[in-house]
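Dear colleague,

Please find the structure below, followed by a summary of what was found in it.

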Amino acid sequence: MRRAAAVGVMAAVVLAGTSPAAGTWSDVSTVTGTPVSSGSLQAPVLTCQSVDVLGALGLRLLTKVVLTWTASTSPTLLDYTAQVVSPGTRNLAVTSNGSTRSTEITPDILTGLLGGTVTVRVQARLANSNWAASTDRNVTYDVLGLRVSC
């Protein structure tokens, strides 16, 4: 009897085929919630102040400019660089005083004597990423640096 049952089961397996037919299905769902948008960094907002380097006796010679901004903490504390981008290119030191950052621009000899415009770029960068935002500021010197505007 056992033999007959085993033969019957084997016959049913062979006749039924090796696998069932594949079926099709679909799953539809709607996602709800807050929309996602791309992030961006806040470009530094620069304030400008001129300081007389050789201001003794009321002389306004070789006036330097101090650019100041508040360091952004969103999405985290950012890294800042400053550089003269025109004429030529030179890096400027960035100093930190709490949440305030600043850089100083002193005219070179030609700009200080003959006047001219220097373009300074301050860039904020998110560490370990290619996210960056920058602000350019023109600093204009009159002849002999008697008047500075930015």
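Which residues does a disulfide join? The disulfide joins Cys48 to Cys150, with an S to S distance of 1.5 Å; the term denotes a pair of cysteine sulfur atoms within 2.5 Å. A search of the whole structure finds 1 such link. Cys48 lies in strand 1 (residues 47–54) and Cys150 in the segment after strand 9 (148–149), so that distant parts of the chain, 102 residues apart, are linked. Strands here are DSSP runs (E, at least two residues), numbered from the N terminus. The link of Cys48 and Cys150 is left-handed, with -95° about the S-S bond.

Please note that this is a predicted model: local features need pLDDT of at least 70, side-chain atom pairs count only at pLDDT 80 or more, and totals for chains, interfaces and linings use all residues. Residues are numbered from 1 along each chain as its sequence is written, and side-chain values use heavy atoms, leaving out hydrogens and water.

Cys48 is partly exposed at 29% relative accessible area, and Cys150 is partly exposed at 38%. Buried means under 20%, exposed over 50% and partly exposed in between (1.4 Å probe, protein chains only).

The structure also holds 1 aromatic pair. The ring centres of Trp69 and Tyr80 are 5.7 Å apart and their planes stand at 55°, so the pair is tilted. Rings of Phe, Tyr and Trp (its six-membered ring) pair if their centres lie within 6.5 Å; planes under 30 degrees apart count as stacked, over 60 as edge-to-face and the rest as tilted. Trp69 is buried at 1% relative accessibility, and Tyr80 is buried at 12%.

Kind regards

Definitions and conventions
Helix = DSSP H or I, 4+ residues; strand = E, 2+ residues; numbered from the N terminus.
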